[in-house]
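Welcome to the tour! Keep your viewer open and get ready to select residues as we go.

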2 protein chains.
Amino acid sequence: MEKHVTIKDIAKELNTSVSTVSKALNEKYFDINPETRQRVLKAAREMGYRPNPIARKLQQGRSYNIGVIVPEFLDTFFPEVIFNIQKRLIKEGYQVVVMSSDESFETELENLKTLEDNMVDGLIISLTRETKNIDYINKIIDRGMPVVLFNRVNPSIRSPKVIFDDFKWSHFATEHLILQGYRNIYHFSLPYHLAMSQKRIQGFKSALKKYRIPFTEEHIIETGISIEEGQEAMKRLLDRDIVPGAVFAAGDKVAIGAIKELKRRGYKIPDQIGVMGFTESALAEIIEPNLTSVNQPTDKIADKIVELLLDSINDNGKAKIGEFLIGGTLNVRESSRVMASDPKRT
Amino acid sequence: MEKHVTIKDIAKELNTSVSTVSKALNEKYFDINPETRQRVLKAAREMGYRPNPIARKLQQGRSYNIGVIVPEFLDTFFPEVIFNIQKRLIKEGYQVVVMSSDESFETELENLKTLEDNMVDGLIISLTRETKNIDYINKIIDRGMPVVLFNRVNPSIRSPKVIFDDFKWSHFATEHLILQGYRNIYHFSLPYHLAMSQKRIQGFKSALKKYRIPFTEEHIIETGISIEEGQEAMKRLLDRDIVPGAVFAAGDKVAIGAIKELKRRGYKIPDQIGVMGFTESALAEIIEPNLTSVNQPTDKIADKIVELLLDSINDNGKAKIGEFLIGGTLNVRESSRVMASDPKRT
DNA sequence: CTGTTAGCGCTTTCAC
DNA sequence: GTGAAAGCGCTAACAG
């Protein structure tokens with residue numbers, strides 16, 4: 001098992017000092033004889049030298065690693081965002097380290113500590129479903145760690161936050177259903193305590209209001225995030241002999257659950273009932289009828305996250321606290337298509 | 001910005017030495033006055049001390065971090081496996097660091113180096129589609145790093161490998177179609193150069209042989225891994241006026257593409273044509289008709305990976321080089337169900 | 001331009 | 001039972 005080559009070894013080999021070797025190896029020093037530098041570089045190459053980032057981290061408190069903490073990555077949304085974040089950060093010379101909290105606040109806290117202790121240069125976080133206590137994150141931020149939140153955020157955290165413009169696109173989504181002629185629209189919400197659920201509910205209401213469509217709180221139903229939960233909610237509604245004119249689900253999976261139940265009972269989509277999803281996934285084009293949904297552009301989200309994080313790293317704490325809204329696309333498909341009008345909105 | 005508390009700070013506070021503090025903090029030392037230990041522990045707690053893993057790593061060359069490198073995580077398979085790996089390793093006191101290679105050999109190599117340099121205690125790897133040169137991985141292994149490969153493996157790598165029993169389950173899958181009465185079965189293969197593709201092809205052939213069903217190489221068609229590629233392949237076949245009795249696709253997405261095209265042209269599944277997938281995904285229960293597929297148990301795969309890795313870490317290099325086969329489940333659904341017989345196989 | 005030295009935070013001999 | 005000192009690999013003053 002060959003020992004790892006260190007600058008000391010190179011120094012010995014070349015009968016010079018470690019500091020000379022170190023300087024020769026580091027681009028930024030110019031007070032060094034070009035010849036010496038070449039000799040060192042050559043020796044380093046030949047001896048198979050590779051710098052030890054651990055030692056460097058210990059010395060500089062800087063790692064060129066960025067930590068990413070997400071609540072889960074079984075769904076496609078987070079992997080896609082991470083993928084795009086990684087793509088961009090690698091270009092900037094950073095390495096991305098991903099940890100999943102598995103929707104557990106406790107795990108999230110551990111991940112946070114691990115990454116902080118490992119001296120990542122910045123942190124990109126999407127909170128778990130459970131996260132209510134945000135003291136620790138704020139503490140990290142106060143200690144000077146650049147942090148950017150996205151998607152699942154908490155307004156009280158003192159960092160920039162990148163979120164989808166849920167209000168606006170929920171409004172658009174609802175408006176689309178209205179313009180297609182649907183009435184008596186039900187909104188299947190994600191769990192209420194998520195900030196995004198509330199925004200989507202408001203967008204839903206706002207569109208109804210705009211078109212002066214009467215509305216009762218009964219039209220909003222709290223569901224979960226899975227296909228099963230969507231199907232369950234639809235079932236409960238139909239069992240009460242309530243047949244919606246349309247269902248606007250705050251998540252594609254919930255929408256798919258609803259479609260399954262509607263189909264099972266023989267309802268015709270989109271003719272009798274319209275269905276709309278949100279946060280488009282690959283599933284939208286597989287379910288029949290294909291699901292109309294709002295697409296969240298993971299590339300744009302990643303772009304903004306990376307931009308804000310690099311700003312924060314370079315400006316050294318002058319992070320712009322606040323929300324940065326990202327817009328999406330309404331992809332109209334069969335599940336809501338009554339008339340050929342109402343063009344794709346971007 | 002409060003400075004990070006170190007053992008030095010504690011020592012100063014308590015008018016003692018760093019070595020005493022270090023020993024008090026480390027369970028394994030017994031030559032220390034219990035009282036002193038308590039005082040140290042108390043001070044550490046009060047001062048908010050947290051050990052610096054970087055320093056520890058530098059000192060011990062051990063990190064309690066495990067690196068995981070996967071080719072992608074946009075599909076559900078890898079995220080699920082990672083999720084399960086993480087779940088198990090956390091219990092053992094390890095932290096899991098995930099990196100994606102994005103199907104690029106170059107990125108894979110970088111990831112490999114980053115993780116090695118960061119002194120992870122072990123590496124779990126699934127190769128990219130491109131990876132042909134495995135010298136570097138073997139070098140790492142020879143340097144003593146515990147490595148376990150899974151799913152996308154290369155037989156020449158000197159490490160344990162956890163793979164799905166592609167041959168056997170491909171055989172079963174094909175057999176199921178045969179027993180359902182289908183003949184003239186076409187196999188839509190994944191890219192040929194993947195080891196698993198070859199295994200699945202062999203399994204396919206083996207089942208045909210068992211039932212003495214005539215076979216020509218024409219019945220095996222190389223496709224890709226996407227829905228589009230599956231649809232494209234189906235289209236090309238039908239355009240040549242070849243109508244299969246059944247299609248056994250080596251991936252669910254390919255199978256779904258095939259179904260789409262068949263439906264578009266009005267063929268009835270499963271009555272006219274049977275369809276079978278592989279590596280079941282959530283999509284199987286969304287496409288209509290629901291897709292019969294072979295499920296790969298990501299939990300069992302993760303179990304085996306973790307078991308082998310821990311073995312390798314503890315036994316210190318006495319790793320069992322070789323392939324460990326994991327079995328699956330054949331989930332029969334509508335796309336291949338002609339008769340009610342042929343029970344679920346496990 | 002080069003070398004000596006101290007130090008990042010921690011563990012681990014080895015004296016006392 | 002405790003502490004002084006060396007060292008993990010590297011960088012950064014500072015002298016020369």
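Before you click anything, remember that this is a predicted model.

**Stop 1: where the two chains meet**

Show chain A and chain B in two colors. How many salt bridges does the rule find across their interface? There are six salt bridges between chain B and chain A. Side chains of opposite charge can pair when their charged atoms come close. To see one, select A:E288 and B:K263, which form a salt bridge whose closest N and O atoms are 2.4 Å apart.

Polar contacts can be counted here too: 18 residue pairs of chain B and chain A, both at pLDDT 80 or more, are in polar contact. Now pick out the elements that give two or more residues to chain B's side: α4 (53-60), α5 (77-91), β2 (95-100), α6 (105-117), α7 (135-142) and α11 (252-264), each in chain B. Which of them gives the largest share? That is α6(B), with seven residues. If you color chain B's side by class, you will find 23 nonpolar, twelve polar and 15 charged residues.

**Stop 2: the extent of the interface**

Select the residues that touch across the boundary: 50 residues of chain B are in contact with 50 residues of chain A. The size of an interface is often given as the accessible area lost when the parts come together. For chain B and chain A, the buried area is about 4300 Å², and carbon and sulfur atoms give 60% of it. Next, highlight B:R50, B:I54 and B:I286; these supply 16% of the area that chain B buries against chain A, more than any other three residues.

**Stop 3: two helices in chain B**

Select residues 18-25 of chain B for helix α2 and residues 34-47 of chain B for helix α3. Their axes come within 9 Å and cross at roughly 90°, so α2(B) is roughly perpendicular to α3(B). Show the side chains at the contact: B:T20, B:V21, B:K23, B:A24 and B:L25 belong to α2(B), while B:T36, B:R37, B:V40, B:L41 and B:A44 belong to α3(B). By class, this contact has six nonpolar, two polar and two charged residues.

**Stop 4: a pair within chain A**

Over all chains, a search of the whole structure finds 41 salt bridges. For one inside chain A, select A:D142 and A:R158, where the closest N and O atoms are 2.8 Å apart. Where do these partners sit in the chain? A:D142 is in helix α7 (residues 135-142) of chain A, and A:R158 is in the loop between β4 (147-150) and β5 (160-164) of chain A. The pair links distant parts of the chain, 16 residues apart.

Notes:
Residues numbered from 1 in each chain as written. Chains lettered and ligands numbered in written order. Predicted model: local features only at pLDDT ≥ 70, side-chain atom pairs only at ≥ 80, totals over all residues. Heavy atoms only, no water. Axes fitted to C-alpha atoms, helices over the stretch in contact; angles between N-to-C directions. Helix = DSSP H or I, 4+ residues; strand = E, 2+ residues; numbered from the N terminus. Parallel < 35°, antiparallel > 145°, perpendicular 65-115°, else oblique. Contact = heavy atoms within 4.5 Å. Nonpolar A, V, L, I, M, F, W, Y, C, P; charged D, E, K, R; others polar. Buried area = accessible area lost by both parts, 1.4 Å probe. Salt bridge = Lys/Arg side-chain N within 4 Å of Asp/Glu carboxyl O. Polar contact = N/O pair within 3.5 Å; in protein donor to acceptor, adjacent residues only side chain to side chain.
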